[in-house]
Amino acid sequence: MSQKLIRSLLQGRLNAFAAARSLPVAWENIPFTTPAGQYLRFNLLKAMTDSADLAGAHREYSGVCQISVFVPKGKGPTDAETLAADLAELFPLNDRLTSGSFVIQITSPCSEGPPITGDLHFMVPVSFTYRADTI
């Protein structure tokens with residue numbers, strides 16, 4: 001249940017950001033037609049759920065959220081780097097997203113990975129780690 005809530009909170013924030021910029025987003029396991037222009041791809045890379053107490057009441061949910069930024073190939077990295085910087089502002093270190101008493105915290109700053117040039121797009125992966133604890 002909590003991984004589902006984590007996905008909902010992260011996707012909700014990204015969806016509002018993308019909608020304000022008219023940026024399509026490729027969500028996991030949802031049909032998507034790749035546009036010729038800019039778009040984002042969302043992936044949640046979940047770590048194993050852990051428990052830090054012998055009673056088994058505690059749960060630690062953690063993982064990596066990766067948002068891949070795609071811009072048209074052949075125009076340089078500036079547009080991708082600008083979107084990556086905007087995502088870093090959207091998901092700042094130590095920020096908290098809440099739903100009722102459930103809280104997830106962003107536990108690392110956004111980091112840009114090495115770019116990949118495809119047939120039509122130049123892609124820059126942007127990722128950060130998150131953690132949520134329940135008792």
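In the predicted model described here, F122 touches V69, F70, V71, P72, K73, P77, A80, P115, I116 and T117, leaving out residues up to four places away in sequence; contact means heavy atoms within 4.5 Å. F122 is found in strand β8. Helices (H or I, at least four residues) and strands (E, at least two) are DSSP runs and are numbered from the N terminus. F122 counts as buried, at 15% relative accessibility, where buried means under 20% relative accessible area, exposed over 50%, and partly exposed in between, with a 1.4 Å probe and protein chains only. F122 and V69 are 53 residues apart along the chain, and their C-alpha atoms are separated by 8.1 Å.

Residues are numbered from 1 along each chain as its sequence is written. Because this is a predicted model, local features need pLDDT of at least 70 and side-chain atom pairs count only at pLDDT 80 or more, whereas totals for chains, interfaces and linings use all residues; side-chain values use heavy atoms, with hydrogens and water left out.

The protein chain contains two helices and eight strands. Their order from the N terminus on is α-β-β-β-α-β-β-β-β-β. A box of roughly 55 × 25 × 25 Å, taken along the principal axes, is filled by the C-alpha atoms of the protein chain. Of its 135 residues, 37% count as buried. Among contacts between residues at least 6 apart in sequence, 60% join residues at least 24 apart.

A second residue of strand β8 is H121. H121 is buried, with a relative accessible area of 7%. Not counting residues up to four places away in sequence, H121 touches T34, P35, A36, G37, Y39, F70, V71, P72, K73 and I116. The C-alpha atoms of H121 and T107 lie 30 Å apart in space, while the two residues are 14 apart in sequence.

The two helices are described next. Two packed helices are described by the angle between their axes and the distance between the axes. Helix α1 (residues 2–20) packs with helix α2 (residues 78–90) at an angle of about 135°, and their axes are 11 Å apart. This angle makes α1 oblique to α2. Axes are lines fitted to C-alpha atoms, for helices over the stretch in contact, and angles run from 0 to 180 degrees between N-to-C directions. Angles under 35 degrees count as roughly parallel, over 145 as roughly antiparallel, 65 to 115 as roughly perpendicular and the rest as oblique. The α1 and α2 crossing is right-handed; a crossing is right-handed if the near helix is turned clockwise from the far one by less than a right angle, and left-handed if anticlockwise. On the α1 side the contact is made by R13, L14 and F17, and on the α2 side by L83, D86, L87 and L90. By class, this contact has five nonpolar, no polar and two charged residues. Ala, Val, Leu, Ile, Met, Phe, Trp, Tyr, Cys and Pro count as nonpolar, Asp, Glu, Lys and Arg as charged, and the others, Gly among them, as polar.

The largest nonpolar core has 34 residues, and those with the most contacts inside it are I6, L10, L14, L40, F42, I67 and F91. A nonpolar core is a set of buried Ala, Val, Leu, Ile, Met, Phe, Trp, Tyr and Cys residues joined through side-chain atoms within 4.5 Å. Two or more residues are given to this core by each of α1, β2 (39–46), β3 (59–72), α2, β5 (102–106) and β8 (121–134). L40 is found in strand β2 and is buried, with a relative accessible area of 0%. Apart from neighbours within four places in sequence, L40 is in contact with L14, F17, A18, L23, P24, V25, A26, I67, S68 and V69. The C-alpha atoms of L40 and V25 are separated by 4.7 Å, with the residues 15 apart along the chain.

N15 is found in helix α1 and is partly exposed, with a relative accessible area of 41%. A distance of 9.9 Å separates the C-alpha atoms of N15 and W27, which are 12 residues apart along the chain. N29, in the loop between β1 (25–26) and β2, has a positive phi near 60° in a residue other than glycine. N29 is exposed, with a relative accessible area of 83%. N94 is placed in the loop between α2 and β4 (96–99) and has a positive phi of about 70° although it is not a glycine. At 47% relative accessibility, N94 counts as partly exposed.
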